[in-house]
Amino acid sequence: MSDAGVTAAKALVNDTRALLDRLEPADWAADSAAHGWRVHDVITHMGFFFNFIADPGLVFPDNPSGKSERLNDAAVRERADWSTQQAIDYYVEQSAAGLATLEALQGPDLRDTPLPMLDLGTYRMSQLSDAVAFDHLVHLTSDLLAPYGPIPVGDTTIAVEAAIDPAIDWMIAGLPHMCGATVHPTLTSPVGLRLTGATERSFVIARDSDAAGVAVTETADLPDDVATSAATDFLRWGTTRTAWRSSVTTSGDRRLVSAVLDAIDIV
């Protein structure tokens with residue numbers, strides 16, 4: 001279960017709604033740090049994710065690629081000409097419905113039900129709350145708000161403390177599915193990942209019993225070859241928004257660690 005993910009999602013929705021209240025017309029039209037998306041597009045995307053969660057009958061845009069990122073692009077295009085008020089109303093309505101659904105998905109009848117998510121892999125229904133925490137936290141802190149995005153922080157507060165662990169839970173759960181095929185060939189031996197700052201956690205990335213698979217295990221017992229990063233920086237370089245070399249220190253075999261980090265791209 002991820003009740004912590006539900007708590008984080010609720011806090012981040014409150015943060016987002018407070019942000020929407022202070023956006024000026026020029027802010028909505030500004031380019032975000034998400035490639036090809038304006039601030040307007042990021043907000044409708046966040047609403048669309050909740051729409052996907054809350055409405056099992058939602059008709060998806062055409063997506064012959066079968067890739068989640070292309071689906072998100074198509075959903076953004078469908079809503080690109082909406083007015084600012086339409087975008088706000090959509091986010092408010094869908095986030096309310098989505099949060100109620102996330103709570104229901106923590107119940108014993110649904111929490112372990114498998115949910116295929118295109119090329120992202122298959123997850124338990126209860127993990128959707130972690131996915132929302134990750135999606136919102138990354139978009140707010142890395143795509144919308146300065147210093148990475150176009151919107152001055154001002155008096156905006158983001159619930160990083162509540163959201164960082166569920167967000168990282170999603171990233172760690174997703175890494176084998178989303179980039180296992182690219183990471184696997186680089187793992188001539190296991191590599192440690194130590195996260196610091198907003199949360200203190202450590203993991204070992206290694207090949208698993210599957211000939212082409214990758215396993216990520218949370219443990220304090222790390223190998224000699226380790227990447228150390230602030231947890232909040234992992235949100236950015238782990239999604240290839242920034243280069244890991246500017247925020248990660250390595251110990252042990254730098255060539256091995258570098259090859260592994262170069263292969264990570266989490267959605």
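These legends walk through several close-up views of a predicted model.

The model is predicted, with local features needing pLDDT of at least 70 and side-chain atom pairs counting only at pLDDT 80 or more, while totals for chains, interfaces and linings use all residues. Residues are numbered from 1 along each chain as its sequence is written, and side-chain values use heavy atoms, with hydrogens and water left out.

**View 1**
Helices (H or I, at least four residues) and strands (E, at least two) are DSSP runs, numbered from the N terminus. Along its principal axes, the C-alpha trace spans about 55 × 40 × 35 Å. A compact globule of 267 residues would have a radius of gyration near 18 Å, and the chain agrees, with 18 Å; this radius is taken over C-alpha atoms, and the globule rule is 2.2 Å times the number of residues to the power 0.38. Contact means heavy atoms within 4.5 Å. Among contacts between residues at least 6 apart in sequence, 67% join residues at least 24 apart.

**View 2. Five strands form an open sheet in the order 5-4-3-6-7.**
The pairing in this sheet is mixed; two strands pair if DSSP finds at least two bridges between them. Strand 5 (214–218) and strand 7 stand at the edges with a single partner strand each, so one side of each has no neighbour in the sheet. Neighbouring strands are turned by 20 degrees against each other on average, direction ignored. Axes here are lines fitted to C-alpha atoms (for helices, over the stretch in contact), and angles run from 0 to 180 degrees between N-to-C directions. Helix 9 (residues 254–262) lies across strand 3, strand 4 (201–207), strand 6 and strand 7, running at about 140 degrees to strand 7.

**View 3. Strand 6 (residues 226–230) is largely enclosed, because four of its five residues are buried.**
On one pairing, strand 6 runs parallel to strand 3 (residues 191–196) over five bridges. On another, four bridges join strand 6 to strand 7 (residues 248–251) in the antiparallel sense. Look for T228: this residue is the bridge partner of R194, and T228 also has a bridge partner in strand 7, T249.

**View 4. The largest nonpolar core has 75 residues.**
Such a core is a set of buried Ala, Val, Leu, Ile, Met, Phe, Trp, Tyr and Cys residues joined through side-chain atoms within 4.5 Å. Those with the most contacts inside the core are L102, L175, V183, I205, F234 and I264. Helix 7 (residues 160–183) gives the largest share, eleven residues. Another core, of five residues, lies apart and includes F48, L58, L71 and A75. Beyond its neighbours within four places in sequence, L102 is in contact with V6, A9, F50, I53, L128, S129 and V132.

**View 5. H139 sits in helix 6 (residues 128–144).**
H139 is buried, with a relative accessible area of 5%. Leaving aside neighbours within four places in sequence, its contacts are W37, V42, H45, M46, L144 and R241. H139 and M46 are 93 residues apart along the chain, yet their C-alpha atoms are separated by 8.4 Å.

**View 6. Helix 3 (residues 39–54) is largely enclosed, because 14 of its 16 residues are buried.**
At 1.5 Å a residue, helix 3 should span 22 Å, which agrees with the 23 Å between its end C-alpha atoms. The expected span is 1.5 Å times one less than the number of residues.

Note on methods:
Buried < 20%, exposed > 50% of the residue type's maximum accessible area, 1.4 Å probe, protein only.
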